[in-house]
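Please take a moment to look over the sequence and the model below before reading on. The paragraphs after it lead through a few features, one after another.

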Amino acid sequence: RALRLAREHAKTLIPIQACLVLPGSIMIGVQADLVSRNQAPATTLLFLAIVMFQSVVMGPMAQAASLCVVSRATLGRNTSLKQALDFGTRRLQTLIVTAFVTEFLIFGGLFLLIVPGILAALWFTFTQQVVVLERLDTQDAFARSRQLMQGQMLNAFLLGLMLISFSLFYSLIAPDLPLPLE
């Protein structure tokens, strides 16, 4: 069902990702390469600024627009690209605050001890979705996300562990894979 929904609404979902996520991802990749070659503080700060902008502004905006398309599709309604972006824009201020606070809590928890960061990541998994779909403010979104995660912490932890394992595996073998343009 999810694949069918994605296929049927690809003409809206793909441009959302292409406009909001792809440019930032490309900039992060290019900037990461520059940082690895030149450890100048200005380059590193620019890289961190781009990553922060992508994760706190563009990513949540793309997620809100995509959630709009998917939630309306499940109700049998089509959504244009403009409608989806307008929907995301209306919630943008709350999304930015929520994303920033979430990032702070997760990385602050990881910095203090690994376990608090993992707990924060699990508890606040659904904050962005709750802000968009239930139209809650930041504080209520955190409480609602924790409520939604009750009884699901182990499942979410195992899913996250699996995704991290796949990512690590890929990062270990990817440098040895030939590029098609070489």
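**Aromatic rings and packed helices**

The structure holds two aromatic pairs, where rings of Phe, Tyr and Trp (its six-membered ring) pair if their centres lie within 6.5 Å. This is a predicted model, in which local features need pLDDT of at least 70 and side-chain atom pairs count only at pLDDT 80 or more, while totals for chains, interfaces and linings use all residues. Residues are numbered from 1 along each chain as its sequence is written, and side-chain values use heavy atoms, with hydrogens and water left out.

The rings of Phe124 and Phe142 have centres 4.7 Å apart and planes at 85°, so this pair is edge-to-face (planes under 30 degrees apart count as stacked, over 60 as edge-to-face and the rest as tilted). The pair links distant parts of the chain, 18 residues apart, since Phe124 lies in the loop between helix H7 (114-123) and helix H8 (127-133), and Phe142 in helix H9 (residues 138-149); helices here are DSSP runs (H or I) of at least four residues, numbered from the N terminus. Phe124 is buried, with a relative accessible area of 12%, and Phe142 also counts as buried, at 10% relative accessibility (buried means under 20% relative accessible area, exposed over 50%, partly exposed in between, with a 1.4 Å probe and protein chains only). Together with Trp123, Phe124 and Phe142 form one aromatic cluster.

Elsewhere, helix H2 (residues 10-20) packs with helix H5 (residues 81-90) at an angle of about 50°, their axes 9 Å apart, where axes are lines fitted to C-alpha atoms over the stretch in contact and angles run from 0 to 180 degrees between N-to-C directions. The contact (heavy atoms within 4.5 Å) is made by Thr12, Pro15, Ile16 and Leu20 of H2 and by Leu81, Ala84 and Leu85 of H5.

Terms used
Helix = DSSP H or I, 4+ residues; strand = E, 2+ residues; numbered from the N terminus.
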